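Please look over the sequence and the structure below. A short report follows.

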Amino acid sequence: MKKVKKIIIFSSVFLMLVMPAISFAYKLGDPLVPPCSVDSITRQCVWGFTEFMTLIDNVIQFILFALAVPIAAISFAYAGFKLVTSGGSTEARGTAKNVATNTVYGLAFVAGAWLIIKTILTVLGYDGAWIGF
């Protein structure tokens, strides 16, 4: 019962923190899904390679900048709070250091994945803003 309560509390706090980022869908004014191009002959919406690559780029940047960075900041704040309130307990201090270390590893993993995806998109011919800003 105690474990279920912890999972419910963690899930509700996580959803409260993530839902605003998801509802804004990447940036204010910029849709996550790019608009399609209109074919001049048939006057229909056509999705091509460029729109697909833009979609992939937008999703990766959304995950990196709108989700990973705020979650990492919350993890660092939690580790700092845990470290300050450890009260001299070596176990609590070790837990705080593990949380901070794992957060750094997670950010490095996400940044590495972003770099790999950006390189693949560049090799495939997507000529968008490479740095992502």
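H2 and H3 are roughly antiparallel to each other, because angles over 145 degrees count as roughly antiparallel and their axes cross at roughly 170°. The model here is a predicted one.

**The helix pair**

The axes of H2 and H3 come within 9 Å. Their crossing is left-handed. Sorted by class, the contact of H2 with H3 has 20 nonpolar residues, along with four polar and four charged ones.

**The pocket**

What volume does the largest pocket have? The value is about 350 Å³. Its lining includes Ile9, Phe10, Val13, Phe14 and Leu17. Ile71, Ile74, Ser75, Tyr78 and Val99 line the largest pocket as well. Two elements give two or more residues to this lining: helix H1 (2–24) and helix H2 (49–84). H1 supplies the largest share, five residues.

| Class | Residues in the lining |
|---|---|
| Nonpolar | nine residues |
| Polar | one residue |
| Charged | no residues |

**Confidence**

How confident is the predictor? The chain averages a pLDDT of 79. A score of at least 70 is reached by 84% of the residues. Which element of the chain has the highest mean pLDDT? That is helix H3 (residues 90–123), with a mean of 88. H1 has the lowest mean pLDDT among the elements, at 72. H1 also gives the largest share of the lining of the largest pocket.

Notes
Residues are numbered from 1 along each chain as its sequence is written. This is a predicted model: local features need pLDDT of at least 70, side-chain atom pairs count only at pLDDT 80 or more; totals for chains, interfaces and linings use all residues. Side-chain values use heavy atoms; hydrogens and water are left out. On a 1 Å grid over the protein atoms alone, a cavity is a set of points where a 1.4 Å probe fits but cannot get out, and a pocket is an open set with protein on both sides within 12 Å along at least five of seven lines; lining residues have an atom within 4 Å of a point. Grid points are joined across faces, edges and corners, and a volume is the space filled by probe spheres set on the points. Helices (H or I, at least four residues) and strands (E, at least two) are DSSP runs, numbered from the N terminus. Ala, Val, Leu, Ile, Met, Phe, Trp, Tyr, Cys and Pro count as nonpolar, Asp, Glu, Lys and Arg as charged, and the others, Gly among them, as polar. pLDDT is the predictor's confidence in each residue, from 0 to 100. Axes are lines fitted to C-alpha atoms, for helices over the stretch in contact, and angles run from 0 to 180 degrees between N-to-C directions. Angles under 35 degrees count as roughly parallel, over 145 as roughly antiparallel, 65 to 115 as roughly perpendicular and the rest as oblique. A crossing is left-handed if the near helix is turned anticlockwise from the far one by less than a right angle, and right-handed if clockwise.
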